[in-house]
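Me: I have just opened this model and would like to learn what the terms mean. Could you go through it with me?
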Amino acid sequence: MTPLLDGSAHAIANAVRDGLTSAVAITEAALGRIEIRDGAYGAFTDLVTKRAFERAAVIDAARARGERLGPLAGAPFAVKNLFDVKGLPTRAGSEINRERPPADADATLVARLEAAGAVLVGALNMGEYAYDFTGQNAHDGPSRNPHDHAHMSGGSSGGSGSAVAGGLVPIALGSDTNGSIRVPSSFCGVFGLKPTYGRLSRVGAFPFVSSLDHLGPFARSVVDLAATYDAMLGRDAADPAQADVAPMPTAITLDDGIAGLRIAKLGGYFARCGETCAFEAVDRIAAALNAERTVELAEAERARAAAYLITMSEGAALHIDRLRARAADFDPDVRDRLIAGAMLPGAWLVQAHKFRRRYREQALALFADADILLAPATPCRAPKLDQKTFKLDGKEMLVRPNLGVFTQPISFVGLPVVSVPVWTDGEKLPIGVQIIAPPWREDLALRVARALERDGVVSAPVAHFA
Amino acid sequence: MMEKVLDPEALVDPAAALLKLTLTPESRAQTILHLTIAAEQAEVLMSGPIGDADEPAPVYQP
């Protein structure tokens, strides 16, 4: 079973469909591997063993009846614990929320993946209330980087990155407000897709910053990333933030290659606020794609500042009652940022939203001459678990709020991004590069990621487990 | 030199009282740190033009 668990969801679904194995056998193997390995990774907070076996048995019974199986048939998956899972309290990384009654229904995206045949095996560790870039959790312990356990997984979807990189599941879901899919993808060396803002339903996911929240998948192959994303597409009438844009499945164009695509690197801000390895990774991707042009996204630093302030302010508004009544039960690092957010002038929030519209026009203008933009995903490889500060652009900064310097100005526009993992000989840890597409063109970002994967430029191997 | 957009030390205690938030000494110090960072970010945000007629994007669609 090891080759299947180390492989793709696509391969698992084919094996189940062809009768080479069963969904129940895959589920048993995946849960067995989680039991052995997760003590080292800290990726899971909940297992739904009974549900998983019941679901797998339904798939096997459907096959026995000769029914057509879904594209993800039998593939195990897990979700950041801010997704509603029927029967579990949606803890969202917090101590406080685990006192909530169990969810009485699954989040829309969980239900859609199961409808495609995937088998939910559990919920994943995350930074408290998603206000985190490190993968630390004050209540459940950190999710660790499977490629070096002394290093961060990245956050706030740290358990998602860790579970996929560690070979516990081939696909996982996370959320991304300012970089929380792209940062752990970069640190853990997996593929992550942050779709266009408003693309996927957020129903049944505990919010953080409504203006900026996105949900999306992690995977170890681009084929899986696209298949998972495609399975989650579709209008959800219960989500007022979802845009009225026709779904565009991506699998059918995934192998179309990069011919005809105009690809450019982002310069300026995106070429100066990080360590050399971040820019070298972009250069390698650019060279592989024959992307010789560099363009500048003006006012990216202001965009990052605006996203920072919107996050503090909206996050505080969401949690103000809990900050009054349960301050001692928060992770102190999260609580004090939220308290400060509650004290910010309202004018700053309005100014930030006004700037957002201006900045959007500038960002969209770049796509008149380019189809894809490249930028680092993180300013460095995964820091050590206890590292509190680092130096960026010559300035000593806190690690926790600043790992998103390159992701925030992109999600602030709402652009779709695939983070691809880049490896360097002699280095244990990878670093990610953002493949950025125009709004609603996830298909283009996935096509480019797939071309890079096919040419061996990027890859997401399962971490060696000793 | 640009005038500071916010004085965290002056703000923290009256704001906490107004918001009915109780701060421990450790929390107060960290709150001041995060207000200071926020003020730096606000200075960056306000460093360029935002016009009277610019519309915010409350229900944002890219």
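Me: What makes E1(A) and strand E3 of chain A a pair, and in which sense do they run?

Reply: Two strands pair if DSSP finds at least two bridges between them. E1(A) and E3(A), residues 119–124, share three bridges, so they count as a pair by that rule; their sense is antiparallel. A:Leu47 stands opposite A:Gly122 in E3(A). The strands themselves are DSSP runs of E with at least two residues, numbered from the N terminus.

Reply: Before we go on, this is a predicted model, where local features need pLDDT of at least 70 and side-chain atom pairs pLDDT 80 or more, while totals for chains, interfaces and linings use all residues. Residues are numbered from 1 along each chain, chains are lettered from A and ligands numbered from 1 as written, and side-chain values use heavy atoms, without hydrogens and water.

Me: Why is strand E1 of chain A called an edge strand?

Reply: The open sheet has eleven strands with mixed pairing, in the order E1-E3-E2-E4-E6-E5-E12-E13-E9-E7-E8 (chain A). E1 (44–47) and E8 (293–295) are the edge strands, as each pairs on one side only.

Me: What makes a space a cavity, and how many of 30 Å³ or more are there?

Reply: On a 1 Å grid over the protein atoms alone, a cavity is a set of points where a 1.4 Å probe fits but cannot get out. The structure holds three of 30 Å³ or more.

Methods: Helix = DSSP H or I, 4+ residues; strand = E, 2+ residues; numbered from the N terminus. 1 Å grid on protein atoms, 1.4 Å probe; cavity = no way out; pocket = protein on both sides within 12 Å on 5 of 7 lines; lining within 4 Å. Points joined across faces, edges and corners; volume = space filled by probe spheres on them.
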